[in-house]
Amino acid sequence: MRFSHQFPDRPIGLCYHELTKYHPTRGAGRGLSVSPAPPVTVYAASLPRVQLPEPELAGGLGLWEAIARRRSQREFTGEALSLQQLSQLLWAVTGITSRQEGYSARAAASAGALYPNDTYLVVNAVEGVQPCLAFYEVPDHRLCVLAEGSFAGEIAAAALHQGFLARASVVLVWCAVVARSAWKYSDRAYRYIYMDAGHLGAHAQLAATALGLGSVNVGAFFDDEVARLFGLDGEQQIVTYLTAVGRVRS
Ligand SMILES: Cc1cc2nc3c(=O)[nH]c(=O)nc-3n(C[C@H](O)[C@H](O)[C@H](O)COP(=O)(O)O)c2cc1C
């Protein structure tokens, strides 16, 4: 730990917290870097795409009922989601909800509107999509297929062998481009990246509940194994959080 000499014998988490505190006399961080903010993640145009249907803006369970019914569920039946359900889920988590000139705001809040967490997917069972690893392209509301095949066993193994992940219809995997937030917030960025990830997981669970689906958030995973699955380095792009979604018996 780079600054541990300032806090001898203190746990690393406390060092991080101390060193990234805003303080009335020390000011709020180091300010903006001179380099431009890193751009959005873009995959090769040659990779296959799956266009998602337009999300519905009406219907579904009311918010209060969804909050009351939300529960972590792990007994997935393995049955497929419809493409409309996947579309609705992704839109409700991180889809674009308003467009202004040069700026698009998304469903879940993000510090500085920087949206450092990208949404990757392990698609196990979705109608009209072969099992695959995919990336959600927010501006186009579509999937980019990164690798075809079943990765159900791999994602479960990479998440401390939590077997329910293999039976989920889809596992949303949030991976943050650290520089996208650190550009503005420096080392404090990690706080915001994880806060943002929490919002995404909360939206995902409420959306899944409103769709009559089961879900569970997952914070226990072998970081580097999940990162490797998606070809990420685990340092500049870090895995922050997972949400498994699937059908459950009512
Ligand atoms: C940050 C976080 C990490 C979690 N990680 C896991 C996990 O790795 N495995 C799991 O089965 N559940 C996980 N959960 C689900 C919790 O166990 C669950 O939310 C808790 O038991 C409360 O139950 P409820 O969600 O039904 O209200 C996680 C929840 C959160 C918020």
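## Ground rules

Since the model is predicted, local features need pLDDT of at least 70 and side-chain atom pairs count only at pLDDT 80 or more, while totals for chains, interfaces and linings use all residues. Numbering runs from 1 along each chain as its sequence is written, and side-chain values use heavy atoms, with hydrogens and water left out.

## Salt bridges

You'll find six salt bridges in the structure; the term means a side-chain nitrogen of Lys or Arg within 4 Å of a carboxyl oxygen of Asp or Glu. One of them pairs Lys21 with Glu18, with 2.8 Å between the closest N and O atoms. Both partners have some surface showing: Lys21 is partly exposed at 35% relative accessibility, and Glu18 is partly exposed at 27%. (Buried is under 20% relative accessible area, exposed is over 50%, and partly exposed is in between, using a 1.4 Å probe and protein chains only.)

Then there's Arg69 with Glu65, at 2.5 Å from N to O. These two sit four residues apart in helix H2, so about one helical turn separates them. Arg69 is exposed at 52%, whereas Glu65 is partly exposed at 38%. Asp140 and Arg142 make another bridge, their closest N and O atoms lying 3.7 Å apart. Shared partners tie Arg49, Glu137, Asp140 and Arg142 into one salt-bridge network.

## Patches on the surface

Helix H2 (residues 63–69) also holds Ile67. (Helices here are DSSP runs of H or I with at least four residues, strands are E runs of at least two, and both are numbered from the N terminus.) Together with Leu63 and Trp64, Ile67 makes a nonpolar surface patch of about 390 Å². Ile67 itself is partly exposed, with a relative accessible area of 45%. Patch members need over 30% relative accessible area and no salt bridge; like charges are joined within 9 Å, and nonpolar side chains (Val, Leu, Ile, Met, Phe, Trp, Tyr) within 5 Å. Areas come from the Shrake-Rupley method with a 1.4 Å probe, and for residues only the protein chains shown count as cover.

A negative patch is built from Asp223, Asp224, Glu225, Asp233 and Glu235. For charge, Lys and Arg are positive, Asp and Glu are negative, and His and the chain ends are not counted; each charge is placed at NZ of Lys, CZ of Arg, CG of Asp or CD of Glu. Glu225 belongs to helix H8 (residues 223–229) and is partly exposed at 38%.

## Helix H6 and its packing

In helix H6 (residues 178–185), the buried residues are Val178, Arg180, Ser181 and Tyr185. They pack against strand S4 (117–123), strand S7 (170–177), helix H7 (189–210) and strand S9 (237–246).

## Two residues in the S4–S5 loop

Asn124 sits in the loop between S4 and strand S5 (132–137), where Asn124 is buried at 14% relative accessible area. Setting aside residues up to four places away in sequence, Asn124 touches Pro131, Ala152, Leu165, Ala166, Ala168, Ser169 and Val170. Contact here means heavy atoms within 4.5 Å.

Glu127 lies in the loop between S4 and S5 as well, but this residue is partly exposed at 46%. Apart from neighbours within four places in sequence, Glu127 is in contact with Ala80, Leu81, Ser82 and Leu83. Between Glu127 and Val216 there are 89 residues of sequence separation and 21 Å of space, C-alpha to C-alpha.
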